[in-house]
Amino acid sequence: MLDVSDLHVSYGNVEAVRGVSMSTTPGKITLVLGANGAGKTTTLKAVAGLEKPVSGKVTLDGTDLTGLAPHKIVRHGVSLVPEGRRIFGPLTVAENLRMGAYTADKSLVAETLERVHEMFPILQQRADSAAGLLSGGEQQMLAFGRALMAQPKIMLLDEPSMGLAPAIVDSILAKVRQMADSGIGILMVEQNAEAGLDVADDVVAVARGEVIFAGAASEARDNSAVLRAFLGEAALAGSDD
Ligand SMILES: Nc1ncnc2c1ncn2[C@@H]1O[C@H](COP(=O)(O)OP(=O)(O)OP(=O)(O)O)[C@@H](O)[C@H]1O
Ligand SMILES: [Mg+2]
């Protein structure tokens, strides 16, 4: 289980994250909702070791990961799929996937690649294509695949559906569900609250660096503050409370 407890992260004297707690566990998707600038990306970066928390704790199965270097956190089994995917366009799909395996147990790389190809057949079909030639949805699958090559227990996903055509969003989020069902714990920031709630187990909503709601996805759907903030007034009008 990944446990983030009372995390504080600052940029100079701007407190971007002010006492955030959240968790996820193998098989589960925890959805992180919040407006622009709420501190979602900063939280994921701090968990991944890319920002140093001022205070608070990040543990994986009881092991303290707080403030470790990013590559060490990957080696402990926590992989970040960053906002904007950051794939290497001029490199081939196969080369991008291999880069994801740099911390992995070398004896398991071939087997892991096979599992990635099973989950994302397009990455096998396009193995020798330049990654930059893939569609947006395919590039997101490549970003997932690259993270999977590190054999993670936990994946941190920052806005996986960003910039994708609405028709593709559901299929990408279905892939996230499939990764969770394969036994990975997922912490996912997703601006598309409606589609995110369809696949999530739990929800944490943040505003101005603080948690304003934490509960099951089904409870979030019934919570008027969450509805108003993230699903819009139309959803509220259609709810019972
Ligand atoms: N590198 C940085 N230096 C200074 N301030 C930053 C930096 N990155 C983020 N911030 C500030 O920290 C706060 C939280 O930003 P963060 O990117 O975590 O928000 P977010 O919830 O991911 O927003 P978005 O929905 O726009 O992605 C914002 O006020 C932002 O301006
Ligand atoms: Mg962000």
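**Entry 1: around the ligand.** I sorted the shell around ligand 1 and got four nonpolar, five polar and three charged residues. My classes: Ala, Val, Leu, Ile, Met, Phe, Trp, Tyr, Cys and Pro are nonpolar, Asp, Glu, Lys and Arg are charged, and the others, Gly among them, are polar. This is a predicted model, where local features need pLDDT of at least 70, side-chain atom pairs count only at pLDDT 80 or more, and totals for chains, interfaces and linings use all residues. Side-chain values use heavy atoms, with hydrogens and water left out.

The shell takes in residues with a heavy atom within 4 Å of the ligand, including Tyr11, Gly37, Lys40 and Glu159. Helix α1 (residues 40-48) gives the most to this shell, with three residues; helices here are DSSP runs of H or I, at least four residues, and strands are E runs of at least two, numbered from the N terminus.

**Entry 2: polar contacts.** I looked for N or O pairs within 3.5 Å. Oxygen atoms of ligand 1 lie 3.2 Å from an N or O atom in the side chain of asparagine 36, 2.8 Å from one in threonine 41 and 2.5 Å from one in threonine 42. Alone, ligand 1 exposes 630 Å², and the protein buries 59% of that; the areas come from the Shrake-Rupley method with a 1.4 Å probe.

**Entry 3: the lining of the largest pocket.** Which elements each supply at least two residues of this lining? I found α1, α2 (70-76), β6 (78-81), α3 (93-100) and α6 (136-148). By class, the lining has 15 nonpolar, four polar and five charged residues.

Note on methods:
Residues numbered from 1 in each chain as written. Chains lettered and ligands numbered in written order. Polar contact = N/O pair within 3.5 Å; in protein donor to acceptor, adjacent residues only side chain to side chain.
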